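Here's a walk through this model, one piece at a time. Keep the 3D view open and follow along.

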Amino acid sequence: MTRPRTALVGRAAELAQLVAVLDTAARGDAGAVVVGGDAGVGKTRLLRELTDAAAERGFCTLIGHCVDLGDAPPPYLPFGEAFARLQSTDPELVAELAAEQPAIGRLLPGRGGAESDGRVERGTLFESVLGALAALARRTPVLLLIEDLHWADQATRDLLGFLLTRLGGERLAVIASFRADDLHRRHPLRRVLAEWSRLPRVTRIQLDRLPADDVRQLVGLLRAGPLAEVDVASIVSRADGNAFFVEELVAATEQYTDAQQLPWQLADLLLVRLDRLSDDARAVVRVASVGGRRVSHAMLAEVVGLAPERLDAALRDAIDAHVLETTSSGLAYTFRHALLAEAVYDDLLPGERVRLHTAYAALLRQDVERSRAELARHAFASHDLVTAYEASVAAGDEAMALAAPQDALQHYELAYELAPRAGVAPADPADLVLAIVEAAEGAGRWQRGLDLARAAIRTLPPDAPDLVRAKLLYGAVRATLSGEIDQDTLAESAEAVRLTPSEPPTRLLALMLAQRSRVVRMMGMEVDGERLAREALRVARVVGDPAVVAEAEMTLAMFERLVGDRDEAARLLEEVAARARAAGDHGTEMRSRFSLASQRHDTGDLPAALEDFDWIVRRAAELGRPWEAFAVVARSMSGLVHYTSGDWDAARAAVRHEGDRPPELAAAVLESVDLQVRAGRGDLAAADLALALRPYWVREGRIALYSVMAALEVYEQTGDVEAARRVLDDLVAVLTRIWLTEWNLVRVELSARLLAVLNTAAAHASAADHAQLAATGARYAQDARTTVERAVPPGRQLGPEGLAWLQRLDAEQARLRWLTGVDPPPAEELVGLWRRSVELFDYGNLRQVTTSRARLAAVLRAVGRPGEAAEQARLALPAARSMGAGPLVAELAALAGGRDSAAGKDGRQARGGLGALTDRERDVLALVVQGRSNRQIAAQLYITAKTASVHVSNIMAKLGVRSRGEAAAVARGMTGSAGVTDADR
């Protein structure tokens with residue numbers, strides 16, 4: 001960085017904060033600051049002052065820039081730049097660091113330090129970067145400066161986030177900057193910044209616009225001579241506190257006498273600066289704009305082609321005009337402002353761009369140490385499609401080796417698109433397609449891999465070799481297995497095996513057999529699946545492939561889990577996960593860990609399941625695959641476990657994804673979980689939002705299931721029976737189609753939830769509707785019981801959650817019979833069913849324990865046991881309040897007597913007639929409002945008809961009315977509703 005020509009204006013407080021972090025770091029207490037502000041507001045200028053302060057304090061400063069290289073930047077670019085700069089000044093020191101932490105060699109020129117397979121695990125790379133910084137900090141305090149985070153790729157953001165969470169006693173200060181005005185609502189940096197802000201050692205600084213007085217001071221410092229007040233006022237007004245605009249407007253006044261005539265458009269202001277340059281300097285600047293944000297002196301000299309003396313003069317002209325600056329190493333140049341580089345590039349003629357990109361590409365082809373992504377960009381822009389294709393494939397391989405599948409997918413896809421246009425389409429396209437499928441799987445965009453694989457199959461010529469077709473079919477099935485399989489998947493996996501020679505045994509055959517086994521198991525064909533898995537295991541052992549061995553063993557462990565000893569299955573899954581990790585088979589590692597977590601969840605061990613699901617999420621992040629299917633589902637399951645356990649804030653935090661820009665399908669999965677919390681908290685809009693996810697149902701059954709559960713929660717609160725029936729019937733039809741069976745055990749819970757909706761409606765329905773409501777409930781209850789009979793394998797039984805929901809189904813149906821008067825159960829039976837529901841959900845499902853207690857309290861009060869009802873409500877209230885479940889809190893508060901106790905005796909009198917009623921009289925009045933007869937009231941409240949008549953007479957006397965109709969009218973007028981308390985539901 002070059003020293004600016006003016007003093008720093010208006011940033012004293014921010015600079016003091018940054019310097020304080022340096023001083024704290026120098027004492028052995030690491031810290032970090034993230035500096036944000038609009039483009040041109042003064043971030044770079046402020047950071048120049050900080051680097052000067054760091055130099056004065058003896059810091060070793062490492063600087064790296066994120067660069068806008070389109071949609072596919074090379075991963076970890078600023079870290080590579082930072083270590084490369086250090087290497088250029090102190091190669092021996094970097095060699096020592098690389099010897100201690102070999103993985104950082106992958107970030108240095110030459111890409112050294114690779115493991116034997118050419119790849120490095122993401123976690124290893126991250127730990128190595130941290131270790132290298134810590135080792136350097138033991139020698140001297142370190143300032144790591146990362147600029148322009150708004151252009152950072154996912155891998156860079158993840159690595160920086162890892163460092164920020166690990167800061168401790170190192171003599172290390174980490175400073176990062178970003179353009180706030182580039183962070184649109186869906187920008188992936190937004191959520192990351194929010195997470196970093198919560199870290200104890202991270203401080204956020206937002207650079208606001210300069211006040212008018214500071215702008216005036218800056219104008220005076222920038223302008224050598226006097227400037228008319230009208231021009232100063234114009235600059236203050238038009239610059240709007242942006243220091244860069246101020247600098248450009250002041251510079252323009254030196255060229256033009258009337259600043260008012262200058263166009264406002266930023267590009268024009270930027271390009272005015274070039275008019276003062278010599279022809280050679282303009283040529284150098286234009287060439288530099290094609291090179292990117294930073295271009296080395298050697299490369300610039302080669303492309304410009306000027307004699308050394310003319311080049312030096314041109315560069316000095318551009319630097320004196322503050323268009324270009326030398327970097328701290330003195331070996332490269334950068335534009336003073338990135339916007340200036342963009343403006344110059346946009347001003348180039350099309351022919352100029354092609355010619356200059358061609359020149360850069362020619363140099364990069366000779367430099368094997370440079371990023372292949374950079375070569376691909378220049379080659380593509382220069383229409384050298386063959387080179388662009390080859391470089392894109394190489395760039396994809398580089399990104400996969402560095403655990404950056406999102407970047408790899410973009411490079412591979414570009415290569416696939418370029419191949420036919422470049423005339424280099426290989427006779428066997430399967431290898432590139434399989435690379436795309438793997439990258440798409442890791443990036444969480446498996447549908448893209450599936451579409452491309454199936455398109456490649458359709459375009460195969462009739463005489464294409466069998467093995468080519470088999471590999472493409474394998475790729476299509478692999479992509480499908482990240483989502484919902486279907487009959488096409490079954491057929492494709494069968495054809496892939498048929499087209500693969502059985503002799504001699506090969507790795508490809510083992511892969512095909514293992515994949516086919518997995519598909520048929522998911523289709524319910526256990527016998528064929530186990531046979532195929534054992535054959536895949538045999539072939540994999542013959543060819544000596546540990547990864548395929550692990551995959552086959554994983555499938556066999558799944559069979560053990562389904563029909564064998566679950567404890568043995570858990571042991572096998574743990575062993576498979578360990579072997580898969582050792583073999584570098586991350587897919588099988590994630591599958592086996594997820595299966596183990598799911599088994600623990602099914603058996604009701606929620607703490608262990610949560611630990612496993614969270615481990616999967618962390619491991620996927622380490623591998624650079626946070627949106628891989630199993631990682632997304634594990635994240636959603638983590639949210640659901642928190643939800644059922646009663647920690648609703650943690651549930652929302654687990655699935656929050658604002659700013660991450662996940663794939664649409666992954667975002668929908670996470671949103672469907674979040675909607676359940678919103679619904680439970682009384683947000684009625686959650687139902688409409690859940691139905692808005694309908695287009696995703698057929699692609700991922702979890703979205704369908706979770707979103708409908710949220711909708712049913714809302715419909716229970718509103719009593720909307722028709723909406724609940726429509727959405728549930730639609731869901732069952734969709735799940736039957738994509739899960740290939742009508743009898744899925746989830747129907748037990750769904751039916752119980754629908755009966756809860758019916759109960760809400762029945763509490764306020766007229767007597768004429770009772771029979772229909774009871775009949776509807778009986779039909780859905782029978783569907784659930786039939787599901788249990790058909791879906792539970794012989795010798796198996798429901799797990800804790802399934803048993804609890806089956807009990808809840810019985811309790812909800814008994815409650816419906818009680819409310820409608822259709823074959824009402826005895827009081828003790830009704831109370832017993834709800835007590836049992838509370839007990840069975842007490843395996844850790846606090847959410848349903850709380851709801852069951854509320855229902856138990858309601859029926860206890862209805863049968864004349866108000867003391868016990870209040871006790872149950874008081875037991876449930878703390879959990880309901882902790883969850884923030886507003887509707888449930890209101891219901892429980894009424895059942896606990898909170899309303900009457902809060903009002904006191906005077907409160908009852910102040911409310912008039914209704915306040916004078918006893919709890920039992922209020923229950924009777926609620927039924928009178930619904931039009932119930934004394935006999936119906938007696939049946940529902942488990943009292944005699946005579947007692948009901950006495951209660952009605954007392955109510956009319958206290959309200960001062962002469963008929964049941966008048967009593968109902970008074971109740972409606974005083975409460976604004978047909979009921980007296982939420983507990984009547």
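Let's start with a cysteine: C60 is buried, since its relative accessible area is 16% and the cut-off for buried is under 20%. Keep in mind that this is a predicted model. For the structure as a whole, the disulfide count is zero.

Next, find strand β4, residues 172-179. How much of β4 is buried? Eight of its eight residues are. In general, side chains in a regular strand alternate between the two faces of the sheet. You can trace that here: L172, V174, A176 and F178 point one way from β4, while A173, I175, S177 and R179 point the other way, and all are buried.

Now look at what flanks this strand. To get from β3 to β4, follow helix α6 (residues 154-166): together, the three make a right-handed β-α-β unit.

That brings us to the packing. Nonpolar side chains in soluble globular proteins tend to be buried together. The largest nonpolar core in this model has 246 residues, and the members that touch the most others are L144, L149, W196 and Y715. Helix α34 (residues 701-718) is the top contributor to this core, giving 11 residues. Zoom in on L144 and you'll see it touching L62, F79, A82, L133 and L163, as well as L172, A173, V174 and I175, with residues up to four places away in sequence left out. There is also a second, separate core of 55 residues, and F245, V250, V323 and V344 are among its members.

Which order do the strands take in the open sheet of three? The order is β6-β8-β7, and the pairing is antiparallel. At the edges are β6 (294-296) and β7 (324-326), each of which pairs on one side only. From one strand to the next, the twist averages 30°. Between β7 and β8 (residues 332-335) there are three bridges, and T326 faces Y333 of β8. Helix α13 (residues 297-304) lies across β6 and β8, and its direction makes an angle of about 80° with β6.

One last stop: Y412, in helix α19 (residues 405-422). Y412 counts as buried because its relative accessibility is 3%. What surrounds it? Setting aside neighbours within four places in sequence, Y412 contacts S392, V393, G396, D397 and M400, along with L432, A435, I436 and A439. Y389 is 23 residues from Y412 along the chain, yet their C-alpha atoms are separated by 8.8 Å.

Key
Residues numbered from 1 in each chain as written. Predicted model: local features only at pLDDT ≥ 70, side-chain atom pairs only at ≥ 80, totals over all residues. Heavy atoms only, no water. Pairing = 2+ DSSP bridges. Helix = DSSP H or I, 4+ residues; strand = E, 2+ residues; numbered from the N terminus. Axes fitted to C-alpha atoms, helices over the stretch in contact; angles between N-to-C directions. Contact = heavy atoms within 4.5 Å. Buried < 20%, exposed > 50% of the residue type's maximum accessible area, 1.4 Å probe, protein only. Right-handed = clockwise from strand over helix to strand, strands pointing away. Core = buried A, V, L, I, M, F, W, Y, C linked by side-chain atoms within 4.5 Å. Disulfide = S-S within 2.5 Å.
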